[in-house]
Structure formats: C-alpha cells, structure tokens
Amino acid sequence: MDDRSERHRLTDPPRHHAPARAERPDGRFTAAAERNSTPPHESWPKAPASDTEAWRPVLDSLADGILATATPDRTDRLFPNDVQQFDPGHGGLGLAYGAAGVLYALHACGRPAPAEHVDWLVARAAAAPDLPPGLYDGLTGIAWALARLGRRAAACALIERVIAAEPPTDPGLGSGRAGLALGLLDLAEAVGRRGLATWALALGHELAREEPAPRLRGLLDGWSGQAALFLRLHGHTGDPGWLTAAETALGRELDGVDNGAGLSDGMLVLVEDRYHRKLPYLAAGGVGTAGLIAELALRTGPDRLPARLAEALAAAALSCRPDPVTAPDLVAAPGLFEGRAGLLLHLLRTGHPAEADRQLRLLESQVMNHRGGPASPGRRSMRLPADLATGAAGILTALHEAVLGPVPLPGLTDFPRP
C-alpha cells in the first residue's frame with residue numbers, strides 16, 4: 001500500500017495472480033495458469049476468528065502445504081522461500097527468509113517440525129562458515145529457533161560463534177545490535193546461560209547511550225527496533241529508564257516523516273528510504289512502530305503517553321481500517337512483514353477484533369489454490385514462498401494468532417496482549 005497506487009479501490013481483487021510461479025522439487029517452475037484451474041478457497045471461512053472449528057482446516061492446510069514444499073535432499077535451501085534467502089552469507093537458513101523461520105513457525109503453531117528438516121538446518125548451519133551474527137538474517141536467529149525446536153546443543157554451538165564474531169555496526173533489530181541483544185536475552189533463559197543476559201544488557205546500555213542512527217526506518221531496520229529492545233530490557237530489569245529510552249527511540253522514528261508526524265491522509269506511514277514508498281506495514285512501516293507505542297502505553301499508562309505518540313497510534317489503526325472512499329484498502333501482498341498478515345497481527349495485538357476479522361475476509365483474495373491447498377504469493381507475486389517474512393509461514397503465524405493464540409516472534413510479537 002503506498003501513496004502512488006491506492007487512489008483507486010479494487011472492489012473485486014483478482015483471485016489468480018498470473019505472475020506467481022510455483023517451484024517444483026526439481027527447481028523448475030510452473031506458471032499459475034498451468035496449475036490453477038479451479039477457484040481458490042471455496043471453503044474459506046466466512047466465520048469470525050473466534051470460531052476456531054471453522055478455521056482449523058485452513059491452519060492445517062497451510063501447514064500441510066508448507067511441509068509439502070520441503071526438499072531436504074537439496075543443500076542450498078530447504079523451502080522455496082523468497083529469493084533473499086540466497087543473499088551472500090544467508091544460505092537459506094535465517095529466521096526471516098530461511099528454514100529457521102519456517103520450522104519455528106510450524107512448531108509454534110502446533111505442527112512439529114519433522115526431525116529430518118531440523119537435522120538439515122543443524123547440519124547446514126554448522127557447515128556455513130560466513131553466516132552473519134544477526135537475529136533475523138543470521139546466527140542469533142537460527143540459534144533462537146533451534147533452542148525452541150529442542151536442539152539446545154546445536155543452539156549453543158551457534159551462540160559460541162556469535163560470541164566470537166565482531167558485533168555488527170548496524171544498530172537495528174533485523175541484522176544489528178538490537179536484534180543481537182534481544183536474541184541473547186531470550187537465549188539466556190532458553191539454554192540456561194545467564195552471562196548472555198548480561199551481554200544483552202550491556203549492548204542495550206551502549207545503544208541507549210550512543211543513540212546510533214539506523215540506516216533505514218521501521219521495526220527491523222530503524223529506531224523502532226532499538227525501542228523493541230529497550231521495552232524488553234524494561235521487562236527484564238524493571239528499570240523505568242528503559243521506558244524513557246524506548247520513548248526517545250520511537251520519537252526519533254517519527255522525526256522527519258511526512259510533516260514531522262509520520263502521517264499521510266491521517267494514516268501512520270514511514271517512508272522506506274530505498275524506494276521512497278510510504279508504508280503502513282509491520283517490518284518497515286507504521287504499524288510496526290505503533291505496536292511498540294501500544295506496548296509503551298501499557299507499561300506507562302495511556303494518560304502518560306506523549307500526545308505525538310498517541311496520535312501516531314490512532315493513525316496506525318486507520319492504516320489497518322481505512323475509509324473506503326478517501327483511503328482505499330488495497331494491500332499489495334498478503335505477507336507478514338510487508339502485507340495484510342502484518343496489519344491483521346497489529347489489529348489483534350491492539351484490541352480491534354472486529355477489524356481483524358475484516359482483514360481475515362480480505363485475505364481470501366490474496367491466497368490461491370496450489371495442489372489443493374492455500375498458498376500465498378510473495379514479494380511482487382513472483383513466487384509462492386514458504387518463509388516467515390513474505391510467505392506461507394507468516395500467514396500461518398498471523399492466522400494462528402487470530403484463531404488460537406499468540407506466536408512469539410522476537411521484537412515483533414513477543415509482547416503480551418492488552
């Protein structure tokens with residue numbers, strides 16, 4: 001959703017995404033037209049998310065579809081995820097775009113990851129010498145997932161590599177020090193190593209003291225990621241100074257964005273610096289920041305929230321439920337990080353169940369029938385990925401939160417519901 005493309009409302013979005021291609025186990029692709037001869041999701045529930053029995057078959061079908069795409073015989077990747085999993089050093093392994101995120105999502109949503117698949121992740125991570133240390137793109141996130149998948153020894157081996165690596169200069173959550181600290185804070189408890197929490201606390205103090213400017217905006221790459229760490233450190237220590245640090249970081253995120261308030265047509269957006277798009281989304285847009293503002297308000301009391309942050313929080317809600325005439329509700333992708341699933345997640349975590357149900361209904365138009373089950377087009381509708389950031393694992397995570405309960409994701413959705 002951006003300011004260039006959404007002046008016109010699509011009252012009946014197309015059910016078939018012609019550019020999408022499905023990757024076969026042999027690495028080749030089939031065009032959407034070749035594999036989609038029936039309308040998708042004739043049984044997509046019209047019921048609210050509270051009707052768990054109506055939605056369980058969708059959750060099961062999503063999980064089955066993800067598992068059906070696995071190719072443990074390949075060494076370059078386990079699932080047909082977004083092409084970003086092939087970026088140098090990533091090896092198809094990370095939390096955002098790689099196997100770690102997919103296997104964790106399956107596990108957290110009640111579908112045990114096959115041992116063969118977890119073995120693949122352990123072996124490939126051990127054999128990859130140049131993995132970055134980051135949370136969503138590297139070693140810390142893989143260790144975080146493996147600890148939750150019951151592979152404590154493998155997680156500890158990756159932690160040793162994180163400790164030996166040079167800390168990243170990037171201060172962000174996705175690839176940088178905020179993510180490193182937040183992941184270590186979780187791992188300290190998961191693997192029973194208190195020293196990791198001490199290191200996480202030291203990194204947090206360093207970020208709060210130095211206030212390093214991030215390279216981009218949003219929850220993964222901007223000031224908001226540092227705020228996520230500070231809020232977690234407040235929960236860990238009880239020190240109110242971390243609330244002040246989080247408030248400062250969130251204010252900096254809003255600085256200089258569209259008249260200084262981060263608002264466009266009354267909606268909260270962040271300008272994504274690479275392509276200058278105005279985004280409302282979870283990872284790089286307004287609702288990712290607003291979710292942290294909501295968490296800050298829970299801890300300080302809404303009456304103590306600065307007026308500017310309170311205005312941004314209200315504007316984020318409008319981003320998820322725009323007026324059909326003045327602000328059309330077209331969302332380009334269904335995914336979690338930059339799509340409708342992320343908006344759905346924000347509505348759930350900020351207490352808007354009726355609007356969340358509306359997003360569930362709209363999501364039907366953005367998933368398609370692939371081999372008898374639901375699949376979702378990823379970035380630019382060029383693939384049917386399984387990953388957490390753009391694909392089916394992210395859709396599964398959001399739907400599980402709506403129907404059955406929260407799926408913790410570090411720095412994104414690991415705060416308690418209001």
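Pro280 is buried in this predicted model, with a relative accessible area of 0%. Pro280 is located in the loop between strand S6 (277-279) and helix H12 (286-300). Its C-alpha atom is separated by 7.3 Å from that of Ala316, a residue 36 positions away along the chain.

**Aromatic pairs**

- The model holds four aromatic pairs, among them Tyr104 with Trp144, which are arranged edge-to-face at 4.8 Å centre to centre and 70° between the planes.
- Tyr104 belongs to helix H3 (residues 99-108) and Trp144 to helix H5 (residues 139-148), so this pair ties together parts that are 40 residues apart in sequence.
- Tyr104 counts as buried at 5% relative accessibility, and Trp144 is buried as well, with a relative accessible area of 1%.
- Tyr136 and Phe337 form another edge-to-face pair, with 6.0 Å centre to centre and 70° between the planes.
- Tyr136 lies in the loop between helix H4 (115-127) and H5, whereas Phe337 lies in the loop between helix H13 (307-320) and helix H14 (340-349); the pair therefore ties together parts that are 201 residues apart in sequence.
- Both Tyr136 and Phe337 are buried.

**Arginines over aromatic rings**

- The face of Trp144, the partner of Tyr104, also has Arg148 over it, at 4.0 Å from the ring centre.
- Arg252 is placed over the face of Trp223, at 5.3 Å from the ring centre.

**Helix H8**

- Helix H8 (residues 194-210) has 17 residues, which at 1.5 Å a residue should span 24 Å; the end C-alpha atoms are 25 Å apart, in agreement with that expectation.
- The buried residues of H8 are Leu196, Ala197, Ala200, Leu203, Gly204 and Leu207.
- After H8 comes Glu211, which has a positive phi, near 50°.

Technical notes:
Residues numbered from 1 in each chain as written. Predicted model: local features only at pLDDT ≥ 70, side-chain atom pairs only at ≥ 80, totals over all residues. Heavy atoms only, no water. Phe/Tyr/Trp six-rings, centres within 6.5 Å; stacked < 30°, edge-to-face > 60°. Helix = DSSP H or I, 4+ residues; strand = E, 2+ residues; numbered from the N terminus. Buried < 20%, exposed > 50% of the residue type's maximum accessible area, 1.4 Å probe, protein only. Lys NZ or Arg CZ within 6 Å of the ring centre and 35° of its normal. Expected span 1.5 Å × (residues − 1).
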